[in-house]
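Hi everyone, thanks for letting me take a few minutes today. Please have a look at the sequence and the 3D picture, and then we will walk through them together.

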Amino acid sequence: SGDIRFAGARELVDRIAEGELGRSCMATQWLRYALGRADVDADLGSLEAARRTFTAADDDLRELLVALARSKTFTHRAPSEGEVLQ
């Protein structure tokens with residue numbers, strides 16, 4: 001990775017969003033938020049599929065969220081420690 005040049009916060013955000021690492025991080029953070037826990041190795045397949053969908057949809061956030069919500073990791077998730085099931 002090289003230096004990133006930017007003028008101001010808005011331009012920095014644009015530079016991060018343009019890079020693959022920034023998009024990958026966004027997918028990971030949304031998965032963590034949706035699950036209410038950190039990702040684990042078993043989540044990798046679902047996360048990679050969601051990342052591919054996000055990229056194929058020209059970084060459309062709605063498509064990323066739909067892909068995560070449809071993923072096996074999300075639909076078949078195990079309860080978090082201390083989570084109360086009703």
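How many helices and how many strands are there in the protein? There are 5 helices and 0 strands. Helices (H or I, at least four residues) and strands (E, at least two) are DSSP runs, numbered from the N terminus. Starting at the N terminus, the order of elements reads α-α-α-α-α.

A word about where this comes from. This is a predicted model, in which local features need pLDDT of at least 70 and side-chain atom pairs count only at pLDDT 80 or more, while totals for chains, interfaces and linings use all residues. Residues are numbered from 1 along each chain as its sequence is written, and side-chain values use heavy atoms, with hydrogens and water left out.

Now the overall shape. The C-alpha trace spans about 50 × 25 × 20 Å along its principal axes. The radius of gyration of the protein is 15 Å, whereas a compact globule of 86 residues would have one near 12 Å. That radius is taken over C-alpha atoms, and the globule rule is 2.2 Å times the number of residues to the power 0.38.

What about the surface? The protein exposes about 6,500 Å², and carbon and sulfur atoms supply 54% of that area. Accessible areas come from the Shrake-Rupley method with a 1.4 Å probe, and for residues only the protein chains shown count as cover. Of the 86 residues, 20% are buried. Buried means under 20% relative accessible area, exposed means over 50%, and partly exposed is in between (1.4 Å probe, protein chains only).

On to charges: there are 12 positive and 15 negative side chains, and the centres of the two sets lie 2 Å apart. Here Lys and Arg count as positive and Asp and Glu as negative, while His and the chain ends are not counted. Each charge is placed at NZ of Lys, CZ of Arg, CG of Asp or CD of Glu.

Let's zoom in on some residues. Is Asp43 buried or exposed? Asp43 counts as buried because its relative accessibility is 4%. You will find Asp43 in the loop between helix H2 (20-35) and helix H3 (44-56). Not counting residues up to four places away in sequence, Asp43 touches Leu31, Leu35, Arg37, Ala38 and Thr73. A contact here means heavy atoms within 4.5 Å. With Thr73 there is also a polar contact, side chain to side chain, at 3.5 Å. A polar contact is a pair of N or O atoms within 3.5 Å; within protein, one must be able to donate a hydrogen and the other to accept it, and residues adjacent in sequence count only if both atoms are side-chain atoms.

Gly36 counts as exposed because its relative accessible area is 60%. Gly36 and Pro79 are 43 residues apart in sequence, with their C-alpha atoms 9.6 Å apart in space.

Next, helix H3, where Arg51 is found. Which side chain does the side chain of Arg51 meet in a polar contact? That partner is Ser24, at 3.0 Å. Leaving out residues up to four places away in sequence, Arg51 touches Ser24, Ala27 and Thr28. Arg51 is buried, since its relative accessible area is 17%.

Over in helix H2 sits Met26, which is partly exposed at 36% relative accessibility. Beyond residues up to four places away in sequence, Met26 touches Phe54, Leu61 and Leu64.

Helix H4 (residues 61-70) holds Ala67, a buried residue with a relative accessible area of 16%. Apart from neighbours within four places in sequence, Ala67 is in contact with Ala50 and Thr53. The C-alpha atoms of Ala67 and Phe54 are separated by 8.0 Å, and these two residues are 13 apart along the chain.

I have kept the backbone for last. Most residues other than glycine have a negative phi. Asp58, however, has a positive phi near 55 degrees, and Asp59 has a positive phi of about 60 degrees. Asp58 lies in the loop between H3 and H4, and that loop is also the place of Asp59. Asp58 counts as exposed at 68% relative accessibility, whereas Asp59 is partly exposed at 33%.
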